[in-house]
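Visitor: I have a structure to go through with you. Could you put it up and take my questions as they come?

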Amino acid sequence: MLNTTESWNTFYESHPHMQPSTFSYWVLGNLYQTFSRKLASDETNPYYKDKFKLANLVDVGCGNGRDSLLFTNHMHDLDIRSLTCLDSSSEAIEATKVNLNAFSREKHAVEHCSFVVEDVCKFDFSSTDVCYCRFFLHAISEDDFHAFLGSLNHGTTFFAETRVLESSFDILGNKVVPGVYEYENHKRRILTVDVLLAELEKYMFICQTETGTYSSSSTIIEGRKDNPNLLRVYGIVK
Ligand SMILES: C[S@@+](CC[C@H](N)C(=O)[O-])C[C@H]1O[C@@H](n2cnc3c(N)ncnc32)[C@H](O)[C@@H]1O
């Protein structure tokens, strides 16, 4: 683990609620195209039956559930069967439960949600169709990164937004081991786009990528100017 679960618990005690990220809206658009019965095709299409299926979505490292909340509001439209909110921090999962129950517009959708306090390396992804991870890949160690990606099923739809290094000078913090930087007692594993994509391509076919600074992501760290370089990835696990 890069940072202790206790440090994430402390963070989520003081950050119980945040707005859905811009990335979650980006993913929503992709999910509409991939999974929605309404947009997938009409029933006269011979491939319709094979193509369409209700999806089990897992929000990996969900934090306080800011993005899970958006997905619950669209579960019906997206034909999502179940949403699992997974995080190793019990405070994060408590905040997620409170937020989904208090703010989800689709109250019945919360009945199809499960809340799991678990390390990503111990979670069973065998029935996962869509794996969503925002600001998660840079929060785990190299070993956990490979254990996690290696445990995903063939055909899983994968979405991630993560910090990337643009140059060796654009990073806030000290390098503690290759690829890992520490700032204010918080460690992050941050790679260049090329290196990260090469690592991801070992596990998936990359369908779409985008890079940018996405300034609205800066709300992740309140009170601090922080518009990090980010990579967005949409892939299908090999
Ligand atoms: C930077 S936060 C991102 C939270 C949320 N996805 C968001 O975008 O606001 C990273 C999250 O990953 C969780 N996490 C870190 N290591 C983990 C692990 N090995 N297994 C499961 N969750 C982990 C932390 O507890 C934290 O909630």
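Guide: One term before we start: a residue is buried if 20 or more other C-beta atoms lie within 10 Å of its own, exposed if 12 or fewer, and partly exposed in between, with C-beta atoms placed from the backbone. By that count Lys-107 is exposed, because it has 10 C-beta neighbours inside 10 Å. This is a predicted model, in which local features need pLDDT of at least 70 and side-chain atom pairs count only at pLDDT 80 or more, while totals for chains, interfaces and linings use all residues. Residues are numbered from 1 along each chain as its sequence is written.

Visitor: Where is Lys-107?

Guide: Lys-107 sits in the loop between helix 7 and strand 3 (113-117). Helices (H or I, at least four residues) and strands (E, at least two) are DSSP runs, numbered from the N terminus. The C-alpha of Lys-107 is 8.5 Å from that of Thr-72, 35 residues away in sequence.

Visitor: How many helices and strands does the protein have?

Guide: Nine helices and 11 strands. Of the 238 residues in the protein, 37% are buried.

Visitor: What about the largest nonpolar core?

Guide: The largest nonpolar core has 51 residues, and Val-60, Cys-131 and Tyr-132 have the most contacts inside it. Such a core is a set of buried Ala, Val, Leu, Ile, Met, Phe, Trp, Tyr and Cys residues joined through C-beta atoms within 7 Å.

Visitor: Which residues does Tyr-132 touch?

Guide: Leaving out residues up to four places away in sequence, Tyr-132 touches Val-27, Leu-57, Val-58, Asp-59, Val-60 and Phe-159. Two residues are in contact if their C-beta atoms, placed from the backbone, lie within 7 Å.

Visitor: Is Phe-135 buried or exposed?

Guide: Buried, because Phe-135 has 20 C-beta neighbours inside 10 Å. Phe-135 is in the loop between strand 4 (130-134) and helix 8 (142-150). Its phi is near 55°, a positive value in a residue other than glycine.

Visitor: Switching to the ligand. Which residues come nearest?

Guide: Trp-8, Gly-61, Gly-63, Ser-88 and Ser-89, out of 19 residues around the ligand. A residue is near a molecule or strand if its C-beta atom, placed from the backbone, lies within 6 Å of it. The shell divides into nine nonpolar, five polar and five charged residues. Here Ala, Val, Leu, Ile, Met, Phe, Trp, Tyr, Cys and Pro count as nonpolar, Asp, Glu, Lys and Arg as charged, and the others, Gly among them, as polar.

Visitor: Trp-8 is in helix 1. What does that helix meet in helix 7?

Guide: Trp-8, Asn-9, Tyr-12 and Glu-13 of helix 1 meet Ser-90, Glu-91, Ala-92 and Ala-95 of helix 7. By class, the contact has four nonpolar, two polar and two charged residues.

Visitor: At roughly what angle do the axes cross?

Guide: The axes of helix 1 (residues 5-14) and helix 7 (residues 90-103) cross at roughly 30° and come within 7 Å. Axes are lines fitted to C-alpha atoms, for helices over the stretch in contact, and angles run from 0 to 180 degrees between N-to-C directions. The two helices are therefore roughly parallel to each other; angles under 35 degrees count as roughly parallel, over 145 as roughly antiparallel, 65 to 115 as roughly perpendicular and the rest as oblique.

Visitor: Last one: where is Gln-208?

Guide: Gln-208 lies in strand 10. Gln-208 is exposed, because 11 other C-beta atoms lie within 10 Å.
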